[in-house]
Every structure is written in structure tokens, then in C-alpha cells.
Amino acid sequence: MHGQGSTARWAVRQIDRHWLRWVLIAWAAMAAVYLVQRYPQIRWFVLTDTDDNLRMAQVRAWLSGQGWFDLRQYRMNPPQGFDIHWSRIVDLPIAALILILKPFLGTVMAERWAAGIAPLLPLGVTLAAISLAVRRLISPLAWPLAVLFLFGCTSALLMFMPMRIDHHGWQLACLGWTLAGLADPRGARGGATVGLASAISLSIGLEMLPYAVMAGAILTLEWVWDGDRRDRLMAYGITLAGGVAAGFAGFASHDNWAMRCDALTPVWLSAMLAAGGLLVLIAWIAPRGRASRLALAATAGLIVGGGFALLYPQCLARPEGVSDELVSVWLGNVREAKPIFRHPLKTGLALAAVPLVGLIGALIAAWRARGTARLTGWIAASAFIAFAGAMMAWQVRSAPAAQLIGMVGSVSLAWWLLPWCIRHRLMPVRVLGTVGVGLILSGLAVGLIIDKLPIGERGSARRQVVSRAGRQCNTMTALRPLNALPRQTVFTHVDLGPRMITLTRHSAIAGPYHRNEAAILDVHHGFTGDPDGFRRIARAHGATLLVVCPDMAETTIYRARGPRGFYARLMGGERFDWLEPVTLPGETPLRVWQIR
């Protein structure tokens with residue numbers, strides 16, 4: 001018994017005092033498992049998302065000598081190239097891994113392993129942030145549950161899988177540290193953490209802008225309620241303004257110096273500088289009464305919001321600044337931008353389970369924390385989780401963020417219920433209750449249950465055909481045979497463009513990037529219009545090769561908008577004397593013609 005007690009005390013001491021060491025060990029174990037598990041994808045360079053492919057193309061161009069502030073992709077719509085609104089921040093770890101691995105593996109394998117390893121880096125950063133938030137909000141010993149519960153956040157976890165090299169993982173890492181900062185009992189340190197995390201996130205991209213605004217609103221309202229949080233608000237304002245200024249100076253591309261609404265441009269730079277400066281000012285004034293502080297905060301908000309509306313009215317609509325036609329033919333069809341109720345019931349249940357349970361857990365934790373120092377942290381966390389859930393209901397692309405921060409509420413509920421189950425006098429409750437609570441609260445049970453439900457099956461056969469076409473046409477086996485042809489510009493689907501330039505020597509006309517509306521619409525007009533119109537558009541872009549993936553998701557739009565258009569007639573078997581079929585070596589689902 002004495003030995004068991006000593007072992008238990010040692011384990012508690014390790015979990016408490018050396019928590020970061022064990023979090024990193026858990027991360028290393030997870031990373032090793034995922035690399036082994038995803039080795040086939042690494043070997044075959046399976047970058048399934050268009051953004052992952054373009055990210056690799058962007059890193060290659062930089063390592064080949066393209067300027068630091070020049071992020072145009074010149075292999076799309078040559079010679080002027082495609083205006084890409086990203087920053088170099090996410091390129092840095094990928095490029096570093098390639099340079100480190102290249103002497104040992106060669107360029108080809110270095111790129112593949114860099115794409116496999118890079119997404120696991122923000123996973124470690126995120127694990128540390130969420131574990132820290134759990135330690136601050138629940139208990140110094142509760143963080144292992146957060147590590148385990150992350151496996152139930154399937155949507156969030158996918159953003160960290162090998163080959164998922166775009167910016168989403170780093171954005172989630174910033175969100176995790178935002179939550180850790182909101183939970184920090186030390187005022188200035190917590191405010192600085194939130195400010196820096198928000199600034200880095202905004203410098204990467206604007207996807208998490210609503211969360212950054214919500215975090216700032218929470219810190220401001222905390223100061224309104226409790227004037228002693230003055231240092232917290234000042235630290236937040238200073239780090240937010242200073243961070244976005246440094247991010248803009250160090251990472252904004254030449255194209256992002258324009259007055260655009262979709263990235264950290266002078267538009268959002270000025271808004272964040274004004275917001276940060278005004279928060280520092282009102283915290284410095286520091287009136288004693290809550291009513292006075294509320295009035296100051298409201299005035300600052302009106303100044304920032306009103307000034308933004310007056311100076312940048314174009315940004316009050318869609319930040320992408322695109323036409324209704326582009327929304328109709330492309331942007332409005334992006335699945336991740338649709339509300340959760342526009343998705344199959346199975347998908348909605350899987351995405352919403354963790355945020356919903358997390359919100360319930362956070363509200364219960366806030367109720368139980370009343371009268372303690374943790375109450376403020378749980379109120380902030382509850383508001384943040386509720387906001388994330390609302391964002392997910394609006395657009396399912398917010399599901400990873402909602403799951404990640406909602407998990408903290410789920411952990412709090414488990415930390416409360418599991419001891420009751422474990423200590424229960426009945427063995428079935430101790431065993432089945434403990435397992436059941438863990439599976440349900442973590443979200444793991446949802447995946448096991450919904451697959452058995454007879455819902456959401458209608459139309460699945462057609463979706464399978466479209467999904468299979470997309471997978472097959474994006475493989476190395478399908479696209480590499482194109483390298484047997486001389487280098488040229490290819491007229492192909494918008495969604496195939498980034499993969500085309502990543503796996504072949506050829507250039508493409510378009511990719512799914514909204515700043516390049518004219519090229520995207522040209523591709524759609526070419527496929528949906530008459531054959532002569534297609535030929536004119538192809539000539540205007542210098543395209544000499546036509547590559548088609550029958551049944552790819554994008555082609556369903558061509559058929560719907562142009563039932564007698566060029567694509568429908570071509571797939572119907574009609575031949576044109578200015579198109580010469582090309583036979584590629586090997587087997588490929590692609591159909592190829594030379595444009596004369």
C-alpha cells in the first residue's frame with residue numbers, strides 16, 4: 001500500500017509540475033503514430049486540398065528565388081500570374097523542413113516529408129495551449145483529459161494531419177492560445193497572450209477575425225465590470241496594435257498594400273491600430289465607476305466601427321469583393337461556407353456534438369465557480385464557446401474552432417462526473433458509467449452512433465461517383481503522364497489548377513482564389529458557353545492543352561449552367577476539328593486534347 005501511495009504521489013507531481021514535458025511527450029507519440037499511419041499519403045504526395053497544393057507551389061517558388069513580398073503565383077494565368085492574399089508566415093516551417101531534409105533525402109522526398117511533418121508542429125503548439133487553459137480553468141491535473149478528448153474533435157484534428165500544410169492548423173493554435181490567455185489569472189500576461197495570438201492569427205489570414213474581435217470584447221467587458229483589470233486591457237491593446245504592425249511590416253505582400261478587405265491590408269491594419277490604441281487610452285484614463293467605463297468603451301467602439309464604415313464602406317459587404325456571378329458559379333457552392341443546416345443531418349450532428357456539450361459544461365462550470373476566482377475565466381470561456389457555436393451554425397468552416405474551444409467545457413463536465421462514476425458502489429456504474437461518460441463527453445460516441453442511423457443517405461450514389469472522380473484525377477498516377485508533353489498552359493477545371501501546377505511542369509489558367517475573378521469566370525464561361533467562345537477564351541490565355549476530369553464536382557456546375565454548352569457537347573461525344581485527342585502513357589481518368 002505504501003508503494004502504491006508513493007507511486008500515486010509521484011504521478012500527481014509529474015502531471016502537475018512537469019505538465020509541459022508530458023504534453024510534449026504525448027505530442028511526439030501522436031506525431032509518430034500519424035506519420036506511420038499516413039505514410040502512403042506522404043509517399044504519394046497526397047495533397048487533397050487545393051490550398052495545400054498552392055501552399056507547396058508557393059514555397060517552391062520562394063525557395064527558387066521569388067521575392068519575399070511577392071506572393072503572386074506565376075504558373076496560374078501566365079504571364080501576369082495569380083494574386084494570392086496569403087502571407088509567408090506559414091511558408092516558413094515548410095521551407096525550413098525542406099532545407100533541413102534536402103541534403104539527406106533529396107528535393108523530392110524532402111518536400112513530401114516536409115508536407116507530412118509541418119502540420120504536426122501547430123498540433124504541438126495547440127496541445128500546449130489547450131492543456132494550459134484546462135489547468136487554469138479546471139485543475140492543474142485535468143490536462144490529460146484534454147489530450148484524450150482532442151481525439152473526439154475530428155473536424156479540428158483533421159487540420160493537423162500530415163499533408164494538411166495550409167494555414168488552418170496555425171490558426172487553431174492561435175485560437176488555443178487566445179483561450180489560454182482569457183483563462184489566465186494574471187492580468188497583464190493574459191492580455192498580452194490574447195493580443196499576440198490575435199495579431200499572429202490576423203497576420204496569417206482573416207479567418208479568425210471574428211474570434212479576435214470577440215476576445216477583445218470579452219477583455220473590454222471584464223475591465224468595465226472590474227476596473228482592477230486595467231493592466232490586462234492595456235497589455236492587450238499594446239500587443240494587438242504592435243503585433244499587427246509588425247506582422248504587416250514583416251509579412252504583407254506587395255499586393256496586400258492595396259485597400260482590400262480580405263487580408264491584413266492597410267484597411268485592417270488601421271482598424272487594429274485604432275482599436276488597440278483606444279483600448280490603451282481608455283484603460284489609462286481608468287474612471288472609477290462602471291457606468292463611466294462602459295461609456296468610454298462604447299465610445300471607443302463607436303469610433304472604431306463608425307470610422308471603419310466611413311473610410312471603408314466597401315468592406316461592409318462580402319470581404320472578398322466579388323461579383324454576384326462569381327458567387328453564383330463558384331463561391332456560393334463552397335460547402336464549408338454554407339450554414340450547418342444546409343448539410344446532411346449526419347454531418348451536422350458530428351460537427352455540433354462537442355461544441356454543444358462543451359457549452360453546457362462551461363455554463364455548469366461557471367455556475368459551480370460562482371464566488372471563486374475562476375468565475376471570470378469561465379464566464380469568458382462560456383461566451384467564447386457560445387460565439388464559436390454561432391459561427392459554426394452560420395458557416396461550417398468554423399467547426400474546427402468550435403470543437404477545439406468547446407472541448408474545454410466538455411473536459412470540465414467530465415472532471416466533475418468521472419469521479420462520481422469511479423467511486424460509485426455499483427461495479428456496472430464504475431465500469432460502464434466511466435466508459436460511457438468518457439465516450440459521450442469527448443464526442444467519440446457520436447461517430448460510433450451516427451454511422452448506424454438510417455439518415456442522410458439520399459443521393460449518396462451520385463456523390464460517390466463525383467467524389468471518386470475528384471480523388472482519382474488528383475493523383476500522381478493521373479497527372480504525372482502529362483509531363484510527357486512539352487511545357488504549356490493548360491485549360492482545365494478551376495479546382496484542378498493548383499494540383500496541376502504542383503504535380504506537372506505545366507501552367508494553368510485558374511485556381512479557386514477570389515482575387516482572380518476574371519480568370520475563374522473565363523474558365524466557367526469557356527466550359528458553359530458555345531465552342532467558339534471556348535476557343536476564343538483559350539487563345540486569349542495562351543492555352544494549348546485541354547484537360548478534363550469527367551464527373552469532377554465542378555463539372556456538375558458546367559452541365560447545370562450550360563446544358564448545351566461546350567463541356568456538355570464534348571462529353572456527349574461531339575468532336576471539333578480544332579481539338580486533337582492526346583493519348584497519354586499509362587492509365588489516367590483524364591481526357592486530354594491539343595488545342596489548335
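1. A charge sits over a ring if NZ of Lys or CZ of Arg is within 6 Å of the ring centre and within 35 degrees of the ring normal. Arg290 meets this with Trp225, its charged end being 3.5 Å from the ring centre. Arg370 likewise lies over the face of Trp367, at 3.9 Å from the ring centre.

2. The model is predicted: local features need pLDDT of at least 70 and side-chain atom pairs count only at pLDDT 80 or more, whereas totals for chains, interfaces and linings use all residues. Residues are numbered from 1 along each chain as its sequence is written, and side-chain values use heavy atoms, with hydrogens and water left out.

3. The whole structure holds 20 aromatic pairs (rings of Phe, Tyr and Trp, the last by its six-membered ring, with centres within 6.5 Å; stacked if the planes are under 30 degrees apart, edge-to-face if over 60, otherwise tilted). One of them joins Phe308 and Tyr312, edge-to-face, at 5.4 Å centre to centre and 70° between the planes. Phe308 and Tyr312 are both buried (under 20% relative accessible area; exposed is over 50%, partly exposed in between; 1.4 Å probe, protein chains only).

4. Phe534 and Trp578 are stacked, because their planes are at 20° and their ring centres 6.0 Å apart. This pair links distant parts of the chain, 44 residues apart: Phe534 is in helix H25 (residues 531-540), Trp578 in the loop between helix H27 (566-571) and strand E4 (579-582). Helices (H or I, at least four residues) and strands (E, at least two) are DSSP runs, numbered from the N terminus.

5. Phe534 has 0% relative accessibility and so counts as buried; Trp578, at 6%, is buried. Both belong to a cluster linked by ring pairs, which also includes Phe491, Phe527, Tyr558, Phe566, Tyr567 and Phe576.
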